[in-house]
Amino acid sequence: MSSGIPDDDKYSRRKRLQATARVRARRVELALDRARTRAAQAIGPAPESVAAHRQAAATAERALAELDAEGRVFTRRDTGARVVLRDTLATAQGRPAEATSARGDRYEVECLTHRSDPLFFDEIAAATRAARHSDTWCEACRQLASTPHTVRARARKVLAPAKPEIRYTPPEPRLRFDPPAT
């Protein structure tokens, strides 16, 4: 024991630091391997992977077009409310022309759970934001979001008040009972 620190503590600290250093070195090696792989793919991609990538992109585009025709449904995790985002130009072939907004807005957002009136947007970013945050424009979603959520069991244990302290109280002294004299 030198400098007041037990040797066991020094040894365990040294082992812990060595293990941490090994983990960090392994992470750096993995990151370098990933970067090297990406660089090699960027320099000369394999022809079969390029064809597979193009095929996957085309399939994704077709699926996205089908989704746009029906609308994308967003489900809120906290309340379970479902909101649909539709592209009115994609659905214009299946719908009459007067079904789109009079102002010519392209994207329509509607709360499916509460059947609210639809909102219309020019840009996809604004429409997606509105679909994800339905509590800002749907009154029923706002009421659902404002209700307090149930507390998880773990949080309940942490937030629960401490058990009352039990103190020892000595018993009361008993009076000695003397039988009556006869």
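Guide: Helices (H or I, at least four residues) and strands (E, at least two) are DSSP runs, numbered from the N terminus. This is a predicted model, in which local features need pLDDT of at least 70 and side-chain atom pairs count only at pLDDT 80 or more, while totals for chains, interfaces and linings use all residues. Residues are numbered from 1 along each chain as its sequence is written, and side-chain values use heavy atoms, with hydrogens and water left out.

Visitor: Which pattern does the protein follow along the sequence?

Guide: The secondary structure comprises six helices and four strands. Read along the sequence, these give α-α-β-β-α-β-β-α-α-α.

Visitor: What is the order of the strands in the open sheet?

Guide: Two strands pair if DSSP finds at least two bridges between them. Strand β1 (residues 72-75) and β2 pair in the antiparallel sense over four bridges, and five bridges join β2 to the antiparallel strand β3 (residues 107-111). The open sheet of four strands, with antiparallel pairing, has the order β1-β2-β3-β4.

Visitor: Why is one side of β1 and of β4 left without a neighbour in the sheet?

Guide: Strands of a sheet pair through backbone hydrogen bonds, either parallel or antiparallel. In the order β1-β2-β3-β4, β1 and β4 (119-121) stand at the edges, so each has a single partner strand.

Visitor: Which residue of β3 stands opposite V84?

Guide: V84 lies in β2, where V73 stands opposite V84. R72, placed in strand β1, is 12 residues from V84 in sequence and 5.4 Å from V84 in space, C-alpha to C-alpha. On the β3 side, the residue opposite V84 is E110.

Visitor: At about what angle to β3 does helix α4 run?

Guide: Axes are lines fitted to C-alpha atoms, for helices over the stretch in contact (heavy atoms within 4.5 Å), and angles run from 0 to 180 degrees between N-to-C directions. Helix α4 (residues 124-132) lies across β1, β2, β3 and β4, and its angle to β3 is about 5°.
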